[in-house]
Amino acid sequence: MSGLSVGMFLFLVSVGMSLIFGVTRIVNLAHGSFYMVGAYLMVTLVEVLPDRPWAFWLALVAAPLGVAVLGGAIEVGLLRLIYHRDPLMQLILTFGLILVISTLVLLVWGPDNKSVSRPDALAGSVLIFGQRFPSYYLLVLGLAPVVAVGLWLIFYRTRWGMLIRAATVDREMLGALGVNVAALYTQVFAFGSWLAGLGGALAAPTVAVALGMDGDVLTTAFVVVVIGGLGSFAGSFISALLVGLLQSFGILVFPAVSIVLLFAIMAVVLIVRPWGLLGRPEE
Amino acid sequence: MALLEVSHIDTYYVDSHILFDLSLTVEAGEVVCLLGRNGAGKTTTVRSIVGLTPPRDGAITLRGRDIVGLPPFRIARLGIGFVPEDRRVFPNLTVHENLEVARRTWGNGSASPWTEERVFDLFPILRERRRQAGGTLSGGEQQMLTIARTLMGNPEILLLDEPSEGLAPIVVETLREQLERLKASGLTLVLAEQNVRFVSDLGDRVYILEKGMVRYQGSMARFLADDEVRQTYLAV
Ligand SMILES: Nc1ncnc2c1ncn2[C@@H]1O[C@H](COP(=O)(O)OP(=O)(O)OP(=O)(O)O)[C@@H](O)[C@H]1O
Ligand SMILES: [Mg+2]
């Protein structure tokens, strides 16, 4: 159960990362940092908002939006300058962002772990098949299909989604057809950041909000994205669930090797299908 | 004032100098053909105009307005439609979606804007393929889709880069009739081609390119009457 909800957070982070890569071809190493900032913003918002039942939900909406604005600003101010540079430059830049963001988080929120209490309505637990589960996990699990269907509708039923899918294959052509691809990149980057921020904000009440959470989620999300196929939304979804489950069962069965197992699976996938489960081979 | 005026442009791919002091004009309603052998510079000329490979020197004006240096999407929005040589449909998008991403969402455009219905009237086969992925279409259907897609942006002038290349003769004939209808509707066309027979009825004027330079210009009738020009610049 908690494995499934961990899978959900991973899904949000990895689908955003995959989306950003699919369109901009940037492997955004700072994506885990956006997740972390989402969680910290959640901490602050829940603190400063009045102690009312709606405060938690408002924070849950506002925190990811804050991360989206941050992501959009980073795209306009920094990434835009390096799209045409070689991938190494891009990795160095986004790696630099990890350091900058974690230093800023340290300065703003301090070194101590934070926590967010669950909203009163979901503070308890429920009995399912004779087992007790925290009700908050049910919320997270209930959100999973909503987010997945929502994303599917956006990608396949809106014009914006069509533009995104077209940009993943031929941005030059899209521009020549009158589409402002630079603006589309900013929107996509902000949207991907929003997804990471939502993951962080949702995760905040289930984990210790701490400085290291960016690296942890980044490693796993990276594996998820690679297994699913960079740029493939459905691939990320399946692979996030897989990895989430694997991690939780792995930890139960043989805790020491669960991370090794993860990389082993990634290696196997890369050998058999170098472009990932549902990705497309590069031409 | 000419609709499109290219004057004395020099275009490079990084360090290699491709177009040399190239000039051409296109009047509204005309069909202008750019002819030349492989590597003559037809594609580079078209890419220079649409801003994908902007010239380093010289000027390109649309109704007197300089467009050199504008990003391609701005140039497209000013009314220059581009149909690339290698088709480049979005293979993962359906026919409907390919048209939808190119739909004009800026300004008003012409009084009678292109709609999906209107492009389907011109290319009926696309209506049947509406829900099919672009990548699964035949070569001829893909060529029609790229033209239809560009029309959705309501261009004033349509640049087509070797539209007949690699198509079966019967498909080429259908395509030629469709371009005739576009011409009859008053649309200005620039056709980069190697296939003289494809453009001989369609074109009003001809420019022949060789090694990135204009070697000949004249009316279609004059060009067709001149065997020597054809021998010198076009025969293989
Ligand atoms: N990306 C590029 N980098 C360097 N040189 C290029 C590039 N693209 C084309 N060229 C060169 O520029 C010259 C003109 O090419 P261009 O594609 O404009 O010719 P073309 O008339 O369209 O030929 P074709 O009929 O084969 O399409 C050729 O010598 C070609 O080798
Ligand atoms: Mg060419």
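Chain B and chain A bury about 1,900 Å² between them, 60% of it on carbon and sulfur atoms. Buried area here is the accessible area, with a 1.4 Å probe, that two parts lose on being put together, summed over both. This is a predicted model: local features need pLDDT of at least 70, side-chain atom pairs count only at pLDDT 80 or more, and totals for chains, interfaces and linings use all residues. Residues are numbered from 1 along each chain as its sequence is written, chains are lettered from A and ligands numbered from 1 in the order in which they are written, and side-chain values use heavy atoms, with hydrogens and water left out.

Stay with the interface. On the B side, 23 residues are in contact with 19 residues of chain A. Contact means heavy atoms within 4.5 Å. Which residues of chain B lose the most area to chain A? They are B:Arg88, B:Phe90 and B:Val101, together 30% of what that side buries.

Now charge. Four salt bridges are counted between chain B and chain A. The rule is a side-chain nitrogen of Lys or Arg within 4 Å of a carboxyl oxygen of Asp or Glu. Over all chains, that rule gives 19. B:Arg88 comes up again: its side chain meets that of A:Asp170 in a salt bridge, 2.8 Å from N to O. Another salt bridge pairs A:Glu172 with B:Arg47, at 3.1 Å from N to O. A:Glu172 lies in helix 7 (residues 171-176) of chain A and B:Arg47 in helix 1 of chain B, so this pair joins two chains. Helices (H or I, at least four residues) and strands (E, at least two) are DSSP runs, numbered from the N terminus.

Follow B:Arg47 into chain B. Helix 1 of chain B, residues 42-50, lies across strand 1, strand 2 and strand 4, running at about 110° to strand 1. Axes are lines fitted to C-alpha atoms, for helices over the stretch in contact, and angles run from 0 to 180 degrees between N-to-C directions.

Those strands belong to an open, antiparallel sheet of four, in the order 2-1-4-5. Two strands pair if DSSP finds at least two bridges between them. The edges are strand 2 (16-26) and strand 5 (65-66) of chain B, each pairing on one side only. Strand 1 and strand 2 of chain B run antiparallel, joined by seven bridges. B:Ile9 has B:Leu22 in strand 2 as its bridge partner. The two strands form a hairpin with two residues between them, and B:Val14 in the turn has a positive phi of about 50°. Strand 1 (residues 4-13) also pairs with strand 4 (residues 57-62) of chain B, antiparallel, over five bridges. There, B:Ser7 is partnered by B:Ala59.

Next, the other sheet of chain B. Six strands form an open sheet in the order 6-7-8-3-9-10, with mixed pairing. Strand 6 (80-83) and strand 10 (213-219) of chain B each have a single partner strand, so one side of each is left without a neighbour in the sheet. The twist averages 15° from one strand to the next. Strand 6 and strand 7 (residues 157-161) of chain B pair in the parallel sense over four bridges. The partner of B:Ile80 in strand 7 is B:Ile157. Helix 7 (residues 169-184) of chain B packs on this sheet, touching strand 3 (31-35), strand 7 and strand 8 (188-193); its direction makes about 150° with that of strand 8.

Finally, chain A. Strand 1 (residues 125-128) and strand 2 (residues 131-134) of chain A pair antiparallel over four bridges. A:Leu127 has A:Arg132 as its bridge partner. This is a hairpin with two residues between the strands, and A:Phe129 in the turn has a positive phi of about 50°.

How do two helices of chain A cross? The axes of helix 5 (residues 135-157) and helix 6 (residues 159-169) of chain A come within 5 Å and cross at roughly 75°. That makes helix 5 of chain A roughly perpendicular to helix 6 of chain A (65 to 115 degrees). Among the residues that meet are A:Phe155 and A:Tyr156 in helix 5, and A:Trp160 and A:Met162 in helix 6.

Technical notes: Parallel < 35°, antiparallel > 145°, perpendicular 65-115°, else oblique.
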